[in-house]
Amino acid sequence: MEFRHLGRSGLKVSEISYGNWLTHGSQVEEDAAKLCVQAALDEGITTFDTADVYAGTKAEEVLGRALKGVRRESLEIFTKVYWPTGPGQNDRGLSRKHVTESINNSLRRLQTDYVDLYQAHRFDNETPLEETLKTFDDLVRQGKVLYVGVSEWTADQIARALKIADEMGFDRIVSNQPQYSMLWRVIEAEIVPLSEREGVGQIVWSPIAQGVLTGKYLPGQQPPQGSRATDASGSAMIARYMNDDVLARVQELKPIAADLGLTMAQLAVAWVLQNPNVSSAIVGATRPEQVRDNVKAAGVKLEDEVLKRIDDVLGTVVERDPAKTVSPSTRP
Ligand SMILES: NC(=O)c1ccc[n+]([C@@H]2O[C@H](COP(=O)([O-])OP(=O)(O)OC[C@H]3O[C@@H](n4cnc5c(N)ncnc54)[C@H](OP(=O)(O)O)[C@@H]3O)[C@@H](O)[C@H]2O)c1
């Protein structure tokens, strides 16, 4: 495993991290979840990403049990707050009340005294930014949170947060967690340039486009049984990529991966890691073999000629519009 700094912070994270959205507490049984976490640890992954909302809060519990007994200092545990975790008006968003209550619940479920990174899962248009940033800063002072970050915020929202933090002396955001893959490059135009200047690192999600970039979904055919595209909660999320134009072009990446002696998943993960603003690629897995496959992307260098071949194959199916980074206009 290779390690990178989380943005300009002193924290080092594994270049490939393991996330449990849609899998732990949902698509896979607890035994399979534990085997995946053990495979991640065996392969040198030290960074684990979850969220209060995953599997209706069950994912944090599963991860807490799976990591029990592992030396805490050897792990970086990341979680998030924003999406609804209960029925009430204040069970969502980034108000002082919900953030304070949610971190306490996350720490209990994860069986830890602190998380290494606490992330605002989306921008909350109904809470003053100062209120959220002050609350995050308080959690850092209380030792419950070591670093603060955001997820799917626009360049403008990140810039506003950094300005307030600098003016008020609050802890600065060190990371952003956006979707990023060969197929989804919307951060490149605005977020990456700002983040490079400001020392914000990207911890990118769905680097394999939820499995699509493995090439296992064939155009014109039913998805393989047991894959995310056949899962009750996962199929809606992967739907944007499940069209024949995208799937056919992905098949054309196979010779590129083969020429490099890489699997398709390794090529996809290696691709996001070529961007120096990326601190870590968060991979998901339903089986330990997937983790063992994906981690081999760490340290792989892709030459410019390979990147060009990939761009030529994918052509117009690549999404680049920065306006695709959006948070709900009102709280969900
Ligand atoms: N901040 C956010 O808003 C946000 C949103 C989404 C995700 N995330 C984070 O990012 C993490 C990763 O997201 P993701 O799970 O969508 O990432 P991903 O790595 O793009 O997709 C993971 C899925 O692809 C399939 N897969 C992975 N490796 C494979 C391999 N070697 N061979 C065949 N299939 C393989 C597996 O699904 P099947 O076996 O079911 O096909 C696996 O569950 C999440 O767990 C979460 O921590 C954050």
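User: Is Thr50 buried or exposed?

Analyst: Residues are called buried under 20% relative accessible area, exposed over 50% and partly exposed in between (1.4 Å probe, protein chains only). Thr50 has a relative accessible area of 0%, so Thr50 is buried. This is a predicted model, in which local features need pLDDT of at least 70 and side-chain atom pairs count only at pLDDT 80 or more, while totals for chains, interfaces and linings use all residues. Residues are numbered from 1 along each chain as its sequence is written, and side-chain values use heavy atoms, with hydrogens and water left out.

User: Where is the place of Thr50, and which side chain does a polar contact join to that of Thr50?

Analyst: Helices (H or I, at least four residues) and strands (E, at least two) are DSSP runs, numbered from the N terminus. Thr50 belongs to the loop between β4 (47–49) and α2 (58–66). A polar contact is a pair of N or O atoms within 3.5 Å; within protein, one must be able to donate a hydrogen and the other to accept it, and residues adjacent in sequence count only if both atoms are side-chain atoms. The side chains of Thr50 and Asn20 are joined by such a contact of 2.8 Å.

User: Why does Asp312 count as exposed?

Analyst: Asp312 counts as exposed because its relative accessible area is 52%. Asp312 is part of helix α12 (residues 304–314). By contrast, in helix α10 (residues 264–273), ten of the ten residues are buried, including Met264, Trp271 and Leu273.

User: How many residues surround the ligand?

Analyst: A residue is near a molecule if one of its heavy atoms lies within 4 Å of it. Here 34 residues surround the ligand, and the closest are Asp49, Ser206, Lys216, Arg228 and Thr286. Helix α11 supplies the largest share of this shell, three residues. Both β10 (278–283) and α11 (288–294) give at least two residues each.

User: Which distances relate the ligand to the side chains of Ser206 and Gln177?

Analyst: An N or O atom in the side chain of Ser206 lies 2.6 Å from an oxygen atom of the ligand. For Gln177, a side-chain N or O atom is 3.0 Å from a ligand nitrogen atom. A backbone N or O atom of Trp21 is 2.9 Å from an oxygen atom of the ligand.
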